[in-house]
Amino acid sequence: MSKEIDKIIHQRRAVFPKHYSDENISKKTILQILENANMAPTHKYTQPWLFKIFSKESRLKLGTEMVSEYKKNSQDSIKNLNLKEKKILDKCNKSKFIIAICMKRDDKDLIPEWEEIAATSMAVQNMWLSCTSRDIGCYWSSPSYAKNLKKFLGLKKNEKCLGFFYLGKFQHKNLKKTRRDNIENKISWF
Ligand SMILES: Cc1cc2nc3c(=O)[nH]c(=O)nc-3n(C[C@H](O)[C@H](O)[C@H](O)COP(=O)(O)O)c2cc1C
């Protein structure tokens, strides 16, 4: 068991949509991945994560909304705006599913926000590892316009969007080792 989980952790990568294959991912698989997200640890059981799932036509609607929000706040030239628009829409097109990563504060604000973001991030890591073990490529994108999509995502006042999780089929084997500084430089034994 531990060997298996070690292997999956070391195989995990940010895999971008341009590398996804055209193979479909079933709704059942996505649900299993979300069930794993739901097992993340959480202080006082607030379970702050919320996921908004987009696929087929809805992911293109999301892409259009992303483009519109990006354009509203950008100083880019027309040429760069057009390039960015294409990039956003291509990413949505190449992904079989896009999951908006959202977080809600508990009604009484019992838990500091950082703990709720930490718990939501742990849920995302569960998804990321679950994807790796199923040969699904994925990555967490955190564009600045995410905060402006609140209405589109149907989020309430005490809810926030922390970015988007793009998913598509991808073979993880034969990937090079990811870049990390040596753990020995980050630890002190007491
Ligand atoms: C909270 C968070 C936000 C991220 N946002 C972005 C992003 O906006 N764009 C991006 O290209 N990658 C983003 N990433 C993915 C990182 O770029 C990626 O994990 C990093 O390059 C390390 O690569 P690896 O995951 O393959 O080891 C994000 C990762 C995390 C944890």
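This is a predicted model: local features need pLDDT of at least 70, side-chain atom pairs count only at pLDDT 80 or more; totals for chains, interfaces and linings use all residues.
Local features rest on pLDDT of at least 70 and side-chain atom pairs count only at pLDDT 80 or more, while totals for chains, interfaces and linings use all residues. Residues are numbered from 1 along each chain as its sequence is written.

Helices (H or I, at least four residues) and strands (E, at least two) are DSSP runs, numbered from the N terminus. Helix H3 (residues 56-72) packs with helix H4 (residues 78-94) at an angle of about 155°, and their axes are 9 Å apart. Here axes are lines fitted to C-alpha atoms, for helices over the stretch in contact, and angles run from 0 to 180 degrees between N-to-C directions. H3 and H4 are therefore roughly antiparallel to each other, a label given to angles over 145 degrees. On the H3 side, the contact (C-beta atoms, placed from the backbone, within 7 Å) is made by Arg59, Leu60, Leu62, Gly63, Met66, Val67, Tyr70 and Lys71. H4 contributes Leu81, Lys84, Glu85, Ile88, Leu89 and Cys92. These residues divide into 9 nonpolar, 1 polar and 4 charged; Ala, Val, Leu, Ile, Met, Phe, Trp, Tyr, Cys and Pro count as nonpolar, Asp, Glu, Lys and Arg as charged, and the others, Gly among them, as polar.

Turning to the ligand, its shell consists of Arg13, Ala14, Tyr139, Trp140, Ser141, Ser142, Pro143, Gly163 and Thr178, where a residue is near the molecule if its C-beta atom, placed from the backbone, lies within 6 Å of it. Strand S3 (residues 136-141) supplies the largest share of this shell, 3 residues. By class, the shell comprises 4 nonpolar, 4 polar and 1 charged residues.

Individual residues round out the picture. Phe170, in the segment after S4, is buried, with 21 other C-beta atoms within 10 Å (buried means 20 or more such atoms, exposed 12 or fewer, and partly exposed in between). Phe170 touches Val15, His19, Tyr20, Ser21, Asp135, Ile136 and Gly137, leaving aside residues up to four places away in sequence. Asp135 has 15 C-beta neighbours inside 10 Å and so counts as partly exposed; its phi is near 55°, a positive value in a residue other than glycine. For Tyr45, phi is likewise near 55°, and this residue is exposed, with 7 other C-beta atoms within 10 Å.

Note on methods. Angles under 35 degrees count as roughly parallel, over 145 as roughly antiparallel, 65 to 115 as roughly perpendicular and the rest as oblique. Two residues are in contact if their C-beta atoms, placed from the backbone, lie within 7 Å.
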